Amino acid sequence: MNPNLQDTFPSFRGVALEDLMNSRSLFLHSQRLMAVVENAVSSLNDAQELIEHLTRLGERHLAMSVTEKHLKVGKPFCRHGNRKDLEK
């Protein structure tokens, strides 16, 4: 995990990187993240379903007091793979 991102997650804050990499908390977070990606990809052909998934995701993040600042921290990492990488 990138140390710049680690502190944006309350459950990861202050945890040694080695401990975090072996933690159930990070494992469960990665499972939730992959489920979000899977839902988004599986609903690409159904705009209404995609909107519903993303709306629920936004509501969950609002409930955790996630701000635009938090999202901007992760943005470069979400765009890491660019179109050229995907076309290989």
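These legends describe close-up views of a predicted model.

**View 1. Phe9 and Phe12 form an aromatic pair.** One aromatic pair turns up in a search of the whole structure. Its members are Phe9 and Phe12, with ring centres 5.2 Å apart. The ring planes meet at 40°, so the pair is classed as tilted; stacked would need under 30 degrees, and edge-to-face over 60. Phe9 is partly exposed, at 26% relative accessible area. Phe12 is buried, at 1% relative accessibility.

**View 2. Leu26 of helix α3 and Phe12.** Leu26 lies in helix α3. Along the chain, Leu26 and Phe12 are 14 residues apart. Their C-alpha atoms are separated by 7.8 Å. Leu26 has a relative accessible area of 14%, so Leu26 counts as buried, the limit being under 20%. Phe12 is buried as well, at 1%.

**View 3. A nonpolar surface patch includes Val37.** Five side chains are shown: Leu33, Met34, Val37, Val41 and Leu44. Together they make a nonpolar patch of about 490 Å². Val37 sits in helix α3, which covers residues 24–42. The relative accessible area of Val37 is 40%. Val37 is therefore partly exposed, between the limits of 20% and 50%.

View 4. Ser65 follows α4. The phi of Ser65 is positive, near 60°.

Methods. Residues numbered from 1 in each chain as written. Predicted model: local features only at pLDDT ≥ 70, side-chain atom pairs only at ≥ 80, totals over all residues. Heavy atoms only, no water. Helix = DSSP H or I, 4+ residues; strand = E, 2+ residues; numbered from the N terminus. Patch = residues over 30% accessible without salt bridge, like charges linked within 9 Å, V, L, I, M, F, W, Y side chains within 5 Å. Areas by Shrake-Rupley, 256 points an atom, 1.4 Å probe, with all protein chains shown as cover. Salt bridge = Lys/Arg side-chain N within 4 Å of Asp/Glu carboxyl O. Buried < 20%, exposed > 50% of the residue type's maximum accessible area, 1.4 Å probe, protein only. Phe/Tyr/Trp six-rings, centres within 6.5 Å; stacked < 30°, edge-to-face > 60°.
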